[in-house]
Amino acid sequence: MRLLRNKVWNWWDVSLLKWSCLFFGVAIGSYLADVVRPYWWVFLLLAIVFAIRPAISYFKD
């Protein structure tokens with residue numbers, strides 16, 4: 001299995017990957033902010049859920 005390879009992505013895989021990255025960044029950023037700190041796990045969970053489909057699509061041959 002090669003980690004770095006060329007792959008043609010579907011539009012929904014790209015959008016889910018972008019949303020996953022966004023929510024991961026929000027989770028990290030909210031962990032540092034006092035106002036949103038109680039909800040950091042929600043953003044982290046959303047990042048993981050949105051990353052599942054693109055990850056499966058990337059590693060599936």
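**Helix pairing and a salt bridge**

Mentor: D13 is buried, at a relative accessible area of 1%, where buried means under 20%, exposed over 50% and partly exposed in between (1.4 Å probe, protein chains only). This is a predicted model, in which local features need pLDDT of at least 70, side-chain atom pairs count only at pLDDT 80 or more, and totals for chains, interfaces and linings use all residues. Residues are numbered from 1 along each chain as its sequence is written, and side-chain values use heavy atoms, with hydrogens and water left out.

Trainee: With which residue does D13 form a salt bridge?

Mentor: A salt bridge requires a side-chain nitrogen of Lys or Arg within 4 Å of a carboxyl oxygen of Asp or Glu. The structure holds 1 salt bridge. Its closest N and O atoms are 3.8 Å apart, and the partner of D13 is R53.

Trainee: Is R53 buried or exposed, or does it lie in between?

Mentor: The relative accessibility of R53 is 36%, so this residue counts as partly exposed.

Trainee: Which residues does S20 contact, leaving aside its neighbours within four places in sequence?

Mentor: S20 lies in helix α1, residues 11-32, helices being DSSP runs (H or I, at least four residues) numbered from the N terminus. At 7% relative accessibility, S20 is buried. With contact meaning heavy atoms within 4.5 Å, the residues that S20 touches are A47, F50 and A51.

Notes
Helices (H or I, at least four residues) and strands (E, at least two) are DSSP runs, numbered from the N terminus.
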